[in-house]
Amino acid sequence: MELNLAHKNIVVTGGANGLCHDIAKAYYEAGGNLCIMDIAPNLEEAAQSMEKDRKVMHYRCDLSDIDHMEETYEAVKTLCGGRIDVLFNGAGIQYRAKAEVFPLDRWKKIIDINLNAIFALSQLAGRDMLERGYGRIINMASMTSFFGSEMVPAYTASKGAVAQLTKALSNEWAGRGVHVNAIAPGYMTTKLTADMKEKNPEQYREITSRIPMKRWGTGQDLCGLAVFLASEAADYITGAVIPVDGGYLGK
Ligand SMILES: NC(=O)c1ccc[n+]([C@@H]2O[C@H](COP(=O)([O-])OP(=O)(O)OC[C@H]3O[C@@H](n4cnc5c(N)ncnc54)[C@H](O)[C@@H]3O)[C@@H](O)[C@H]2O)c1
């Protein structure tokens, strides 16, 4: 059983900030050759902040621009020396509004980044992985992959679809060496959720009291599973959408 990721080329989308930055760092620390893809202004410094004995590569792109995904993918593949072993689809956005007034342009942007980009990038990476007979794709799902929540219709629709896409890709590719899984974080303290604490304190309190561990999670709570799924220790796991939620779903 091997949790060491040395010699694996690992690409993390959304790796400049938040949960995926912590996950990217964990991949680097487990020995992986890391490339982070992001649109954030702090991308370069985020990559540099992780560096110890090896370089962390980075590529700036707007993942919602799927018409140019092929160019983006080829550029990242080149940065990785022509081979990507692990693709972590982490980038995601959120917008909170009542369904009856939810702006359609926000809907489209969320579906483009949270869902369409994952399919477009996984398709390109998957083709190469299938040719080599090896690959690991890990998608960022959510609690809203399992239930609907409120005031986040586009996010819920996208994350429900990410869970199903994970299974659909796994069904087609698992027999050819490409495993596809998803991590479904519970309620995490991040920029994405900070506004709930202020804008909807009642919902915030209600959620906290429902979490059996009585605390919101952090990026660190996701790192063990992210490294495990990318490693040989998880070689018989595919098509799984695994919650990391302090017990929330079990309640
Ligand atoms: N925060 C939570 O509680 C929570 C819970 C469950 C799932 N998630 C998921 O985890 C992932 C990360 O969430 P986070 O809270 O760390 O968010 P975050 O906003 O801190 O980080 C998201 C990163 O994605 C990047 N990104 C956004 N749009 C992009 C685009 N068009 N092209 C390239 N990069 C883009 C951002 O620049 C940022 O660096 C998301 O997929 C989110 O849905 C978060």
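Which residues of S4 point one way, which point the other way, and are they buried or exposed? Val86 and Phe88 point one way from S4, Leu87 and Asn89 point the other way, and all are buried. The points below take up the rest of the model.

1. Basis. This is a predicted model, in which local features need pLDDT of at least 70, side-chain atom pairs count only at pLDDT 80 or more, and totals for chains, interfaces and linings use all residues. Residues are numbered from 1 along each chain as its sequence is written.

2. Overall make-up. The chain has 8 helices and 7 strands; these are DSSP runs numbered from the N terminus, with helices (H or I) of at least four residues and strands (E) of at least two. The radius of gyration is 17 Å, close to the 18 Å that the globule rule gives for 251 residues, so the chain is as compact as a globular protein of that length. That radius is taken over C-alpha atoms, and the globule rule is 2.2 Å times the number of residues to the power 0.38. Along the principal axes, the C-alpha atoms fill a box of roughly 50 × 40 × 40 Å.

3. Burial and contacts. Of the 251 residues, 44% are buried. A residue is buried if 20 or more other C-beta atoms lie within 10 Å of its own, exposed if 12 or fewer, and partly exposed in between, with C-beta atoms placed from the backbone. Among contacts between residues at least 6 apart in sequence, 73% join residues at least 24 apart. Two residues are in contact if their C-beta atoms, placed from the backbone, lie within 7 Å.

4. The sheet. The order S3-S2-S1-S4-S5-S6-S7 describes an open sheet of 7 strands with parallel pairing. Strand S3 (57-60) and strand S7 (241-244) stand at the edges with a single partner strand each, so one side of each is left without a neighbour in the sheet. Neighbouring strands are turned by 20° against each other on average, direction ignored. Two strands pair if DSSP finds at least two bridges between them.

5. Strand S4 and its partners. Strand S1 (residues 9-13) and strand S4 (residues 86-89) run parallel and are joined by 3 bridges. Valine 12 stands opposite phenylalanine 88 in S4. S4 and S5 also pair in the parallel sense, over 4 bridges, and the bridge partner of valine 86 in S5 is arginine 136.

6. Helices on the sheet. H4 lies across S4, S5 and strand S6 (178-185), running at about 165° to S5. Axes are lines fitted to C-alpha atoms, for helices over the stretch in contact, and angles run from 0 to 180 degrees between N-to-C directions.

7. The nonpolar core. The largest such core has 67 residues, and Val12, Ile23, Tyr27, Ile36 and Ala226 have the most contacts inside it. Helix H4 (residues 104-132) gives the most to this core, with 9 residues. A nonpolar core is a set of buried Ala, Val, Leu, Ile, Met, Phe, Trp, Tyr and Cys residues joined through C-beta atoms within 7 Å. Leaving out residues up to four places away in sequence, isoleucine 36 touches Val12, Gly15, Ala16, Ala24, Ala46, Ala47, Val56 and His58.

8. Helix H1. What surrounds this helix? Helix H1 (residues 18-29) has 9 of its 12 residues buried, so it is largely enclosed by the rest of the structure. The buried residues include Leu19, Ile23 and Tyr27, and what covers the buried residues of H1 includes S1, S2, H2, S4, S6 and H8. Just after H1, glycine 31 takes a positive phi of about 105°.

9. Serine 149 has a positive phi of about 55° although it is not a glycine. Serine 149 is found in the loop between strand S5 (135-140) and helix H5 (153-173) and is partly exposed, with 16 other C-beta atoms within 10 Å. Phi of lysine 214 is also positive, near 60°. Lysine 214 lies in the loop between helix H7 (201-210) and helix H8 (220-230) and is exposed, with 10 other C-beta atoms within 10 Å.

10. Alanine 174. This residue is found in the loop between H5 and S6 and counts as partly exposed, with 15 C-beta neighbours inside 10 Å. Alanine 174 touches His179, Thr238 and Gly239, not counting residues up to four places away in sequence. The C-alpha atoms of alanine 174 and isoleucine 237 are separated by 9.4 Å, although the two are 63 residues apart along the chain.
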